Amino acid sequence: MNSFKPLVFSGVQPTGNLHLGNYLGAIRKFVALQENNDCIYCVVDLHAITAQLVHEDLKGQIRSIAAAFIASGIDPVKHIVFNQSAVPQHAELAWIFNCVARIGWMNRMTQFKDKAGKDRENASLGLLAYPSLMAADILVYRATHVPVGDDQKQHLELARDIAQKFNIDFQERIRTTGQGVDMVVGEEPIHGYFPLVEPLIDGPAPRVMSLRDGTKKMSKSDPSDLSRINLMDDADEILKKIRKAKTDPDGLPSEVEGLAGRPEADNLIGIYAALADRTKADVLKEFGGQQFSVFKPALADLAVQVLAPISDEMRRLLGDTSHIDAILKDGGERARARAEAVMNDVYDIVGFLR
């Protein structure tokens, strides 16, 4: 092997209802990436139990994410769609990576600090080791690229650190097993087994904020359902939520600079722009000088136009889960075949007796 074969990997956690922010920030990108890339898309159910161990309907949540993937346009035949727990090699490689990673690296992860809060001693070990499992998710397929948002960039950097340390520590074993690629780490040429994964950032990511507070991200965990547009919301619910969305008393500006200091107005214009695949400046050319009473119905109509086909297809798929289950089973088998080949190499490189 002279180089790593390009491969895109990404995953979504099955916790709570998927919302507009998940669609615009992640799933729509997944759909676009599949046109020119070999892609593996995963429902990361092992991650779902790191912060909350017991779920009322984990199977249903897994199916819902998979349904959103398919309804949004991901092709599970040309690419792979599966749930993480169906491929045990994720956990196997995560354990090896737990031994590669350093405690100091984990303690620096800001997402752990945020999720654990003040009572860090009571957080699960799984939550602390979450980034190591994420690195295993990517590298068990030797993926080269991952679409990431701001909240995952630090984890991707850690995945690179883990891959780099593994490659350096085992470079002679990697060479003697006949695996790996000649690569340069810093200025040092080595023979490495894992790629140093690259982030995929395709232009400015739409940052979708809460409909009730423009300074906070739209979130599945927000106690108010009015704060988000769920992918399964019907037209009446979408209209109600946008009509009740927090705004200020001023009209819409004609220039983007006029949105400064107006987080709610900026959010609604940003949502319209993302849904219409236009710029904020372009949207303000059309609606600048008008009141929210004019803009909100137009935004609601656009949101329904984009989301209704997705929500309708999700309801159809979830009405009879046999099709979703078959897709996940097939994807799991295909993913497992790839992951097993990588783990065979890793076991030989580490030196386990088999």
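**Helix packing and an aromatic pair**

Trainee: At what angle do α11 and α12 pack?

Mentor: Helix α11 (residues 263-276) and helix α12 (residues 280-287) meet at about 105 degrees, and their axes are 9 Å apart. That makes α11 roughly perpendicular to α12 (65 to 115 degrees; under 35 is roughly parallel, over 145 roughly antiparallel, the rest oblique). Axes are lines fitted to C-alpha atoms over the stretch in contact, with angles from 0 to 180 degrees between N-to-C directions. Helices are DSSP runs of H or I, at least four residues, and strands are runs of E, at least two, numbered from the N terminus.

Mentor: One caveat: this is a predicted model, where local features need pLDDT of at least 70, side-chain atom pairs need 80 or more, and totals for chains, interfaces and linings use all residues. Numbering starts from 1 along each chain as its sequence is written, and side-chain values use heavy atoms, without hydrogens or water.

Trainee: Which residues of α11 and α12 make the contact?

Mentor: On α11 they're Asp266, Ile269, Gly270, Tyr272 and Ala273, facing Lys280, Val283, Leu284, Glu286 and Phe287 of α12 (contact means heavy atoms within 4.5 Å). By class that's six nonpolar, one polar and three charged (Ala, Val, Leu, Ile, Met, Phe, Trp, Tyr, Cys and Pro are nonpolar, Asp, Glu, Lys and Arg charged, and the others, Gly among them, polar).

Trainee: OK, and how do α3 and α14 cross?

Mentor: Helix α3 (residues 58-72) and helix α14 (residues 322-350) cross at roughly 85 degrees, with axes coming within 10 Å. So α3 is roughly perpendicular to α14. From α3 you get Ile62, Arg63, Ala66, Ala67 and Ile70, and from α14 Ile324, Asp325, Ile327 and Leu328. That contact has seven nonpolar, no polar and two charged residues.

Trainee: What about α4 and α7, what's their angle?

Mentor: About 125 degrees between α4 (residues 89-100) and α7 (residues 125-139), axes 8 Å apart, which means α4 is oblique to α7. The contact of α4 with α7 has eight nonpolar, three polar and one charged residues.

Trainee: Switching topic: how many aromatic pairs are there?

Mentor: The structure holds 13 (rings of Phe, Tyr and Trp, its six-membered ring, with centres within 6.5 Å; planes under 30 degrees apart are stacked, over 60 edge-to-face, the rest tilted). One of them, phenylalanine 30 with tyrosine 41, is stacked, at 4.6 Å centre to centre and 15 degrees between the planes.

Trainee: Where do phenylalanine 30 and tyrosine 41 lie?

Mentor: Phenylalanine 30 is in helix α1 (residues 20-33) and tyrosine 41 in strand β2 (residues 39-43), so the pair ties together parts 11 residues apart in sequence.
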